[in-house]
Amino acid sequence: NHELPFRYPPALYARKVQGNVTLHIHIDSIGVVWPESTSVVESSGYPGLDSSAVAGSRELRFEPAKTKGKPVGVSLKLPVYFRHPKGKPLAGDTILLPPRSIPAP
């Protein structure tokens, strides 16, 4: 995907609600996510963010994984981060910053 398909729920965006959702997804041997395989492993605590992450995962497309040169299906955990541009950083967000943005000790 050139653009991620996750959409911030407008009401939560307006309130500057932020959160992380961890999904379990299965990607088949042609790079398509099986919608029936998708589940929330770790909730953001906001059902709107969780359901938006699940809905967006259906539009994801991947380069297939390969074993011995042959495409194979894989299951994995996928983190989805909802950040408001004017929101305060959440605990642990420093790992999301580019290295040049991390202050020197």
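Hi everyone, let's start with the helix: α2 lies across β1, β2 and β5, and runs at about 30 degrees to β1. Please keep in mind that this is a predicted model.

So what does α2 pack against? Its buried residues pack against α1 (10-14), β1 (19-27), β2 (39-42) and β5 (74-82). The helix itself covers residues 47-57, and its buried residues are Leu49, Asp50, Ser52, Ala53, Val54, Gly56 and Ser57. A quick reminder for reading that list: an α-helix has 3.6 residues a turn, so residues three or four places apart point the same way.

Now to the sheet under discussion. Three strands make up an open sheet, ordered β2-β1-β5, with antiparallel pairing. β2 and β5 are at the edges and have a single partner strand each, so one side of each has no neighbour in the sheet. On average, neighbouring strands here are turned by 35 degrees against each other, direction ignored. A handy place to look is His26, whose bridge partner in β5 is Ser75.

Next, the side chains. How many salt bridges does the structure hold? There is one. In this salt bridge the side chains of Asp93 and Arg83 meet, at 2.7 Å from N to O. Both residues lie in the segment after β5, so the pair ties together parts that are ten residues apart in sequence. Are the two partners buried or exposed? Asp93 is buried, with a relative accessible area of 11%, while Arg83 is partly exposed, at 23%.

Last, the aromatics, where the count comes to two pairs. In one, Tyr8 and Tyr13 sit edge-to-face, 5.2 Å centre to centre and with 80 degrees between the planes. Tyr8 counts as buried at 19% relative accessibility; the cut-off for buried is under 20%. Tyr13 is partly exposed, with a relative accessible area of 36%.

Tyr8 also pairs with Phe82: the ring centres are 5.5 Å apart and the planes are at 80 degrees, so this pair is edge-to-face. This pair links distant parts of the chain, with Tyr8 in the segment before α1 and Phe82 in strand β5, 74 residues apart. Both Tyr8 and Phe82 are buried. Put together, Tyr8, Tyr13 and Phe82 form one aromatic cluster.

Key: Residues are numbered from 1 along each chain as its sequence is written. This is a predicted model: local features need pLDDT of at least 70, side-chain atom pairs count only at pLDDT 80 or more; totals for chains, interfaces and linings use all residues. Side-chain values use heavy atoms; hydrogens and water are left out. Buried means under 20% relative accessible area, exposed over 50%, partly exposed in between (1.4 Å probe, protein chains only). Helices (H or I, at least four residues) and strands (E, at least two) are DSSP runs, numbered from the N terminus. Contact means heavy atoms within 4.5 Å. Two strands pair if DSSP finds at least two bridges between them. Axes are lines fitted to C-alpha atoms, for helices over the stretch in contact, and angles run from 0 to 180 degrees between N-to-C directions. A salt bridge is a side-chain nitrogen of Lys or Arg within 4 Å of a carboxyl oxygen of Asp or Glu. Rings of Phe, Tyr and Trp (its six-membered ring) pair if their centres lie within 6.5 Å; planes under 30 degrees apart count as stacked, over 60 as edge-to-face and the rest as tilted.
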